[in-house]
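Thank you all for coming; I would like to take a few minutes to walk through one structure with you. Please have a look at it first, and then we will go through it together.

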Number of protein chains: 2
Amino acid sequence: MKILDGKKLSNTLKEEIKKEVSERLIQKKKQPHLAAVIVGDDGASLTYVGSKVRSCKQVGFLSTLIQLKSTISEKKLLNQINKLNKNPDIDGFIVQLPLPKHISEERVLLSIDPKKDVDGFHPTNFGRMALELPSFIPATPFGIIEMIKRYNIKTSGKNCLVIGRSNIVGRPISILMSQKKSYGNATVTTAHSKTKNLIKLTLNADIIISALGIPEFLKANMVKKNVVIIDVGITRVIDNTNPRGYTIKGDVDFTNVLKKAGFITPVPGGVGPMTIAMLLKNTLIACQRKD
Amino acid sequence: MKILDGKKLSNTLKEEIKKEVSERLIQKKKQPHLAAVIVGDDGASLTYVGSKVRSCKQVGFLSTLIQLKSTISEKKLLNQINKLNKNPDIDGFIVQLPLPKHISEERVLLSIDPKKDVDGFHPTNFGRMALELPSFIPATPFGIIEMIKRYNIKTSGKNCLVIGRSNIVGRPISILMSQKKSYGNATVTTAHSKTKNLIKLTLNADIIISALGIPEFLKANMVKKNVVIIDVGITRVIDNTNPRGYTIKGDVDFTNVLKKAGFITPVPGGVGPMTIAMLLKNTLIACQRKD
């Protein structure tokens, strides 16, 4: 068994990005600049965005945090996005989800210039990714394929089970894993809420990427020996022994599956830390494309 | 066993489109207009395009065939496409592939206005399809889901095996079949050239969509009873008993699989005729969106 240490790998990636930025500055090239838009004052969203902004500082990016009131009209938010689209100093930006109910997330996402859409949620980027054209890959699937590459995990001809079909994890990673690429060429099955006999599928899988959101759902008797486990689940479970009152759990019964798996991501410290690194990577790519 | 009669169904669809066009004309709405661009004089391409243009006449569409010399420069072709993008009378157009080697198919496809891209090959349409936004679905997968709908084939929770991962068939139909839709909700596995033990997958499938291109590859002993077979393969096999010198064969050993299958498409007369009907449907949709 080998633990896929996302925390360590994300630090390596950030170091690489930092070095790249230093070299850019020496060469008098543009310093990457990420902007983040947040609407309202949801605690979790503020934490996420704060962490993204701090990471920018770590790697030498400029960052701009635009905090808007939860009562802002959709029109004013769209105007704000349009300004970011037009501002040549901003290489990429994200709009933190969820948005207040009176604002259409779809209209907002569609209004972002695909060239600055470093979250990779715009249909143009999604389509370009699926058709193997240069694009921004959403951070979570991008983090997973980066992990697979860096740990030299063999994927060609392997049975890969993806549990979940969301637009930001299950769907894109299902596509990426089956593409004719070094990290792909797997025979991918996408499972979801309507799937019957999931255990038959998990038992047959060489690689399981789980984005289900049910804590410790995947047990040791449901997987085969030497399986590769990528656990994308993040659920807060009440835990009075923890000073925060909760513990973060993944989709996998880590303690027991660990003994059987070939590779496994812990939660926390697996896929999670990779996502911010990949957002930074996308921002760097956006900046480099303008060189 | 029930034969999925694509020829009959495509005629029904054309009748419906024709009726819709007549009503549009009575209501003084715009008559749909499809343009087709063909570069060079490849026999098969001319046949396909000719058939598309004839179908336009059948349903009451206007059609324009733009035939360009194989020596045309990429720049001139792109200018031609730009004219079609700007011409308000053209609702949709297609550029027949393949193109001569000195022209980049990628650049050409990307230059088509997604709003007129009735082939659904542009990344913006692909991404919109994958993210379940209004789009143009490429004709072959669109034809397959239309068949599934019209024959009331149950797909929810079924194991669907897609053989092939091309951008125009395997990839989009894999996505569509697993979406949360009446024709979807299947547990989809995408197989391809790197897949090992394909027979294990075919034997486990409730629905097989084959876009492999190996004539009569899929035998009766490789499928389970009552399987649904959608055969997208079209291969010309030398046949001296046929006046044309060849016979068209699908991926499936039709005569024998027929006895075991619940539903099956013949080749020819299955998915093939559906594609032109769906191109017409996309053109009608493009025209309706401007109402």
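How many residues of chain B are in contact with chain A? Before I answer, a word on conventions: this is a predicted model, in which local features need pLDDT of at least 70 and side-chain atom pairs count only at pLDDT 80 or more, while totals for chains, interfaces and linings use all residues. Residues are numbered from 1 along each chain as its sequence is written, and chains are lettered from A and ligands numbered from 1 in the order in which they are written.

Now the answer: 25 residues of chain B are in contact with 25 residues of chain A, where contact means that the C-beta atoms, placed from the backbone, lie within 7 Å. On the side of chain B that touches chain A, H5(B) gives the most, with seven residues, and that side divides into seven nonpolar, 13 polar and five charged residues. Here Ala, Val, Leu, Ile, Met, Phe, Trp, Tyr, Cys and Pro count as nonpolar, Asp, Glu, Lys and Arg as charged, and the others, Gly among them, as polar. Helices (H or I, at least four residues) and strands (E, at least two) are DSSP runs, numbered from the N terminus.

How are the two chains related? A rotation of 180 degrees, with 0.0 Å of shift along its axis, superposes chain B on chain A with an RMSD of 0.0 Å, by least squares on the C-alpha atoms of residues with pLDDT of at least 70 in both. That is the relation of a two-fold axis, and 100% of the contact residues of chain B recur in chain A.

Let us turn to helix H5, residues 123–130, whose axes in chain A and chain B come within 7 Å and cross at roughly 100 degrees. The axes are lines fitted to C-alpha atoms, for helices over the stretch in contact, and angles run from 0 to 180 degrees between N-to-C directions.

Note on methods: Contact = placed C-beta atoms within 7 Å.
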